[in-house]
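Subject: Structure handover, with notes on helix packing and a pocket

Dear colleague,

I am passing on the structure we spoke about, together with some notes to read beside it. Please open it first and then go through the points below.

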Amino acid sequence: MLRAFRDAFRIPDLRRKIVFTLLLLAVYRLGSAIPTPGVNTAALSQATSGGLFGLISLISGGNLSQFSIFALGVLPYITASIVIQLLTTTVPALEKLSKEGEEGRKKINQYTRYAAIALGAAQAIFFSLYITSNPQYVAVGWDPGFFTVLVMVLTQVAGIALTMWIGERITEVGVGNGISLIITSGIIAAYPREIAATGQLLQTEQTSILRILIFIGVILITIAGIVYVYQAERRVPVTYARARGGAAGQARGAGQATWLPIKVNQAGVIPVIFASAMLIIPNVIASATAARAPGVNAWISTNLVFGTPLYIILEAALIFGFTYLYNSVQFDPKRIAEQLREAGGFIPGVRPGTATAEFLGSISGRLSLWGAVFLVVLTVFPQIVQRGTGITTFQFSGTGLLIIVGVALETLKQLEAQLTVRRYDGFISKGRIRGRLNN
């Protein structure tokens with residue numbers, strides 16, 4: 001990995017792309033330090049320590065805890081992308097657009113931006129009303145009325161639009177996926193503060209060096225496991241008939257062998273996000289009905305909070321369900337079997353058509369099971385480790401580590417691909433020059 005970055009800095013074009021990416025990420029982090037007008041950030045940070053608020057704050061690098069101008073970050077864009085992606089497989093008009101090449105992709109991206117702005121506005125209204133309904137979260141000198149809500153909503157919508165622009169510019173001109181890098185930078189930005197807080201526990205003798213070493217060892221083992229599972233895939237052998245010429249390419253000869261890769265973790269962190277979003281709903285309902293149903297509120301506050309056994313069981317069940325649901329939408333065995341047949345491809349030993357679809361469906365089902373188990377372990381294990389070691393100052397989140405490792409691997413692959421292309425182009429150019437000199 002270090003060699004790839006070193007070689008990239010030696011090439012002027014790639015060096016400019018890396019510097020451009022770092023500058024835009026610095027602009028995003030600078031905006032993350034600017035709070036939204038009218039918010040008491042010191043009081044609000046205490047309300048974003050767990051549940052969906054904690055997950056959003058984690059992805060945004062703590063922006064939600066201080067309700068900065070980038071408080072919602074890329075979350076509306078991610079949600080809109082997931083919704084549009086799911087609708088593409090069910091809405092005929094969107095499915096037709098997805099098959100129209102570059103122009104269709106541009107239109108779908110445009111729809112995604114509109115949906116992100118609309119969804120972001122709705123989320124901004126929700127958070128703004130939540131803040132103004134609690135006077136302790138409103139800054140001194142601000143009236144928790146319509147004008148304050150309007151200022152907060154407009155600020156957040158503008159921040160969402162600017163964040164999307166930064167992400168798209170990084171993707172087009174820089175290195176890596178811009179949205180993913182923004183999320184990663186937000187997560188990493190919180191680490192220095194959390195490491196310092198953990199060191200403070202050691203200085204005040206609230207924890208021991210042995211517990212910290214165990215904690216670090218568990219994090220390293222988790223990272224190694226994420227890398228292993230992230231790259232794990234089932235390669236289904238596929239053979240394509242190859243034309244040997246003849247009228248309209250009718251004569252067929254020996255097949256060209258390749259494979260169809262199916263990842264173990266096809267859904268990424270999406271099931272975890274959905275599960276956390278579902279589990280925050282009972283807490284929101286309990287808070288809204290605390291005065292009328294204090295018993296229900298007390299039971300939910302005791303049993304359905306982050307880290308409790310019932311919360312862990314429900315979260316695991318929801319992750320399993322969302323993993324199978326998302327994979328069934330993303331990976332359609334019937335569609336893939338039809339595409340293979342149209343392209344003249346087949347799986348050795350499996351008949352084309354329905355048999356191929358059933359074969360691919362069985363493989364996807366087994367991989368979805370192991371992917372769901374992986375996500376459950378990755379979500380539950382950190383909660384158990386934090387309870388066992390007593391170190392709660394460091395946000396040991398399997399979701400965050402999965403995002404960081406995944407983005408790092410994808411960015412590295414893109415760098416290596418660009419290095420390979422440039423070496424190949426240089427090799428061809430030298431060959432042409434030598435050929436001209438010889439002639």
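Is the crossing of helix 2 and helix 10 left-handed or right-handed? Before I answer, please bear in mind that this is a predicted model, and that the values below were computed from it.

The crossing of these two helices, helix 2 and helix 10, is right-handed. Helix 2 covers residues 12-32 and helix 10 covers residues 178-189, and they pack with their axes 10 Å apart, at an angle of about 60°, which makes helix 2 oblique to helix 10. On the helix 2 side the contact is made by Thr21, Leu25, Tyr28 and Arg29, and on the helix 10 side by Leu181, Ile182, Ser185, Gly186 and Ala189. Sorted by class, the contact of helix 2 with helix 10 comprises 5 nonpolar, 3 polar and 1 charged residues.

Helix 2 also packs against helix 9, where the two axes come within 10 Å and cross at roughly 170°, so that helix 2 is roughly antiparallel to helix 9. From helix 2, the residues Lys17, Phe20, Thr21, Leu24, Leu25, Val27 and Tyr28 meet Thr163, Trp165, Ile166, Arg169, Ile170 and Val173 of helix 9. The residues of this contact between helix 2 and helix 9 divide into 9 nonpolar, 2 polar and 2 charged.

By class, the contact of helix 8 with helix 9 has 14 nonpolar, 5 polar and 2 charged residues.

Lastly, there is the largest pocket, whose volume is about 1900 Å³. Its lining consists of 50 residues, and those nearest the centre of the pocket are Ser81, Gln85, Asn177, Ser180 and Tyr326. The lining of the largest pocket splits by class into 18 nonpolar, 20 polar and 12 charged residues.

With best wishes

Note on methods
Residues are numbered from 1 along each chain as its sequence is written. This is a predicted model: local features need pLDDT of at least 70, side-chain atom pairs count only at pLDDT 80 or more; totals for chains, interfaces and linings use all residues. Side-chain values use heavy atoms; hydrogens and water are left out. Ala, Val, Leu, Ile, Met, Phe, Trp, Tyr, Cys and Pro count as nonpolar, Asp, Glu, Lys and Arg as charged, and the others, Gly among them, as polar. On a 1 Å grid over the protein atoms alone, a cavity is a set of points where a 1.4 Å probe fits but cannot get out, and a pocket is an open set with protein on both sides within 12 Å along at least five of seven lines; lining residues have an atom within 4 Å of a point. Grid points are joined across faces, edges and corners, and a volume is the space filled by probe spheres set on the points. Axes are lines fitted to C-alpha atoms, for helices over the stretch in contact, and angles run from 0 to 180 degrees between N-to-C directions. Helices (H or I, at least four residues) and strands (E, at least two) are DSSP runs, numbered from the N terminus. Angles under 35 degrees count as roughly parallel, over 145 as roughly antiparallel, 65 to 115 as roughly perpendicular and the rest as oblique. A crossing is left-handed if the near helix is turned anticlockwise from the far one by less than a right angle, and right-handed if clockwise. Contact means heavy atoms within 4.5 Å.
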